[in-house]
Amino acid sequence: MKQRLLLGGYTRHGGAGVYAGTFDNDEAHLPTPAPFITDLGSPTYLAVSDDNILYAVDAEGDQGGVAAYDLNVDPPRLINKVLQAGSSPAHISIDANRQLVYASNYHEGRINVYRIKNDHGLALTDEVKHTGNGPRPEQDSAHVHFAAVTPDFQRIAVVDLGNDTLTTYAVNDAGKLSDPVIFHTEPGFGPRHLAFNHNNPIAYLLGELSSQISILNYDAATGQFKLIATLPTIPEDYTDHNGAAAIRLSSDQRFLYVSNRGHNSITVFAVSPDGRNLSELQQISTAGDFPRDFNFDLTEHFILVVNQNTSNGTLYSRDAKTGLLTEIQRDIPTPEAVNVLFLSAK
């Protein structure tokens, strides 16, 4: 089966922006991705809708925001951009039920909500700015890093690295946020991304600054999270700098994967049937420096990781029964790539 691959990344040191490639999982080999959309400023996160519309981070001068591109035509057609003063977002997610897009702005400490218009372009509907800080130097102010719809589809969960919070907001069809319910992590945890267990009322919160995962109970009736346990993503004797980055849960909910920037590894965990326990199975090198993102291919028999500082990707085969990874290809050219997205071929 042939799949489309999109890579988002920086445009600071030779990166062209969005790269595209074709991955044939029968051949288990990834040819060098090629520049695809080159008129964006550091499109470091991408999301593609069911209508094959790309929503990408964009930075232009002293403004940042989100751009919408139609991928149904070749070359992709720019639909519109919604920019405002300040830095560009760090994360984008799509709310298909409400036809909304959420953009998490790390530097501005802000969550933006956009309505998807009839032409698939975007219009800003709401924004909420966080306040507060934490004890670590990286926590001088609020830093919203992630937002996504909860499994009950009633709320969005917003992760703030700067003030050590995980907040659920009610969201209506007009794209307005309300009724925040706040969970506080341990000071200095530095939460970055979140993954929900879709078989159980459980979520896994990744701490970038602490290199830890917190297992949380999620109450859909109230939007409240409650801590169950916390465990490390790197060896206890590793003392050099590390920042946990991406977190992915296999669709069967049996295995959890985390990338570690500094330790330069992917840690693999087995997930208990009730979702309340994680057991470390493997730590495998990413064969490069600073693995900010990785992702499953559509079959989940492969994982591609991209190393930001060395601009190279590493491809692994994944055993669906054991969850274990085996490196099968390294040094794939991925200039400044920090986001990985596999899509069906169209």
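Guide: A pocket is an open set of grid points with protein on both sides within 12 Å along at least five of seven lines, and its volume is the space filled by probe spheres set on the points. The model in view is predicted. In this structure, about 380 Å³ of space lies in the second largest pocket.

Visitor: Which residues lie nearest the centre of the second largest pocket?

Guide: They are Tyr10, Arg12, Tyr106, His107 and Arg292, from a lining of 19 residues. By class, that lining holds 6 nonpolar, 8 polar and 5 charged residues.

Visitor: What volume does the largest cavity have, and which residues line it?

Guide: The volume of the largest cavity is about 70 Å³. Its lining consists of Thr44, Tyr45, Ala90, His145, Arg192, His193, Ala246, Arg248, Arg292, Asp293 and Val338. At least two of the lining residues come from each of S16, S20 and S24. By class, they divide into 4 nonpolar, 3 polar and 4 charged.

Visitor: Which strand gives the most to the lining of the second largest cavity?

Guide: That strand is S10, with 3 residues. The second largest cavity holds about 40 Å³ of space, and its lining includes Arg110, Asn112 and Tyr114. Strand S6 (63–70) and strand S9 (100–105) each supply at least two residues as well.

Visitor: Let us turn to pairing. How do the strands of a sheet pair?

Guide: They pair through backbone hydrogen bonds, either parallel or antiparallel. Strand S10 (residues 110–116) illustrates the antiparallel case, as 7 bridges join it to strand S11 (residues 122–129). Within this pair, asparagine 112 has glutamate 127 of S11 as its bridge partner. The two strands form a hairpin with 5 residues between them, and histidine 120 in the turn has a positive phi of about 75°.

Visitor: What is the strand order in the open sheet of 4 strands?

Guide: The order is S12-S13-S14-S15, with antiparallel pairing. S12 and strand S15 (177–184) each have a single partner strand and stand at the edges, so one side of each has no neighbour in the sheet. On average, neighbouring strands of this sheet are turned by 20° against each other, direction ignored. Strands S13 (residues 155–160) and S14 (residues 165–171) are joined by 6 bridges, and valine 158 has threonine 167 in S14 as its bridge partner.

Visitor: How many salt bridges are counted?

Guide: A salt bridge requires a side-chain nitrogen of Lys or Arg within 4 Å of a carboxyl oxygen of Asp or Glu. By that rule the count is 11. In one of them, the side chains of lysine 81 and aspartate 58 meet at 3.1 Å, N to O. Lysine 81 lies in strand S7 (residues 77–85) and aspartate 58 in strand S5 (residues 53–60), so the pair ties together parts 23 residues apart in sequence. Asp58 and Lys81 also belong, with Glu60, to a network of salt bridges.

Visitor: Are lysine 81 and aspartate 58 buried or partly exposed?

Guide: Buried means under 20% relative accessible area. Aspartate 58, at 0%, is therefore buried, whereas lysine 81, at 25%, is partly exposed.

Visitor: Where does the salt bridge of glutamate 208 and arginine 261 lie in the chain?

Guide: The side chains of this pair meet at 3.1 Å, N to O. Glutamate 208 is in the loop between strand S17 (202–207) and strand S18 (212–219), and arginine 261 is in strand S21 (residues 255–261), 53 residues apart. Both residues are buried. By contrast, arginine 330 is partly exposed at 48%, and its salt-bridge partner glutamate 327 is partly exposed at 30%. The closest N and O atoms of that pair are 2.7 Å apart.

Methods
Residues numbered from 1 in each chain as written. Predicted model: local features only at pLDDT ≥ 70, side-chain atom pairs only at ≥ 80, totals over all residues. Heavy atoms only, no water. 1 Å grid on protein atoms, 1.4 Å probe; cavity = no way out; pocket = protein on both sides within 12 Å on 5 of 7 lines; lining within 4 Å. Nonpolar A, V, L, I, M, F, W, Y, C, P; charged D, E, K, R; others polar. Pairing = 2+ DSSP bridges. Axes fitted to C-alpha atoms, helices over the stretch in contact; angles between N-to-C directions. Buried < 20%, exposed > 50% of the residue type's maximum accessible area, 1.4 Å probe, protein only.
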